[in-house]
Amino acid sequence: QLLFKTENRRMERRDKTPIQKYCLSVFNGIFLALGLMLLTFGLWLLFDRNNLFSVLFSSGENHLVTYISCILLGIGSVVTFTSGMGFLGSVVEIKCLLVTYMGFQILMFVAQMAILVLIIMKKEEVHNQWNSRIDEVISEYGNESLAEQEPVWNILNAVQSNVECCGRYNATQWERNKNKKNSTQIPCSCTKSNPKNWFCDVSRDSTYSIGCEEYLNTWFENNVLILTAVTISLLITQIILVTLTHQLFRNIIKNNIWPNE
């Protein structure tokens, strides 16, 4: 009877190992996919000159986009490297790689918790900067001495034209702009007309009446929500991965110590 129980334990350990490897590979693949999403998000912010957030916050002395991009690229790169390490360690059953993998996961978990707290704490501050920067762009719009800002103005024109809105809160905001030939002018993108000039002479009743704030806020909130969701998903996946890796590691140790038990 003792021999029978021993044989059962040995078979159970052998049966568990492939299942643990499979589960670890599946969650490691999910972990890698989430990491690649962060990597792609960072590259998009860094190199895409057609999204409003990047153009607004990468001009002048404001390096917010660069900082965020570097953080995302760093996390995405570490996740990709760590995933490869975990996959190799589980398939080949290299104990030192599994231990290193768990160590990396714990360190990354702490770092990502700090980033998640930072996102939550700084979200309102960044949102206020976002609105202030849009107001600044509206004030500078059409200034011939600021030709380097034309990409920002073009994107603002695209938003106003496509969404059929005018200004951040409404069309009266453009009264603050001092670059018009006369006070009655309005950006051409605030109207149905689409000439190549920055400003057009049109009547107020032919101007889009609603502001772009709702659209801009929705765009901002959606991107923050996606980033937060990916970070939380990574944290949950890491907890599962550390648990699975620890179980696999213990099973490998037992099989090596008592191979014939």
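Select asparagine 177 and show its surroundings: apart from residues up to four places away in sequence, this residue touches Ile138, Ser139, Glu140, Tyr141 and Phe199. The model is a predicted one. Asparagine 177 belongs to the loop between α5 (150-163) and β1 (186-187). Its relative accessible area is 3%, so asparagine 177 counts as buried, the cut-off being under 20%. Now display the backbone of isoleucine 138. The side chain of asparagine 177 reaches the backbone oxygen there, at 2.7 Å.

Next, select helix α4, residues 95-140. This helix has a kink of about 50°, centred on lysine 122. Step past the end of α4 to glycine 142, which follows the helix and has a positive phi, near 85°.

Move to tryptophan 174. Which residues does tryptophan 174 touch, not counting those up to four places away in sequence? They are Ile138, Tyr141, Leu156, Gln160, Cys166, Gly167, Lys180, Ile186, Pro187, Cys190 and Phe199. Ile138, Tyr141 and Phe199 are also on the list for asparagine 177.

In soluble globular proteins, nonpolar side chains tend to be buried together.

Now go to helix α3, residues 64-92, and pick out threonine 82. Is threonine 82 buried or exposed? Threonine 82 is buried, with a relative accessible area of 0%. Show what lies around threonine 82: with its neighbours within four places in sequence left aside, the contacts are Phe31, Tyr101, Phe104, Gln105 and Met108.

Finally, zoom out and colour by secondary structure. The protein chain has six helices and two strands. Followed along the sequence, their order is α-α-α-α-α-β-β-α. Switch to a surface view: the protein chain exposes about 14,400 Å², and 63% of this is supplied by carbon and sulfur atoms. Of its 261 residues, 41% count as buried. For contacts between residues at least 6 apart in sequence, 72% join residues at least 24 apart.

Note on methods
Residues numbered from 1 in each chain as written. Predicted model: local features only at pLDDT ≥ 70, side-chain atom pairs only at ≥ 80, totals over all residues. Heavy atoms only, no water. Bend = angle between axes of the 7 residues up to and from the residue. Helix = DSSP H or I, 4+ residues; strand = E, 2+ residues; numbered from the N terminus. Buried < 20%, exposed > 50% of the residue type's maximum accessible area, 1.4 Å probe, protein only. Contact = heavy atoms within 4.5 Å. Areas by Shrake-Rupley, 256 points an atom, 1.4 Å probe, with all protein chains shown as cover. Polar contact = N/O pair within 3.5 Å; in protein donor to acceptor, adjacent residues only side chain to side chain.
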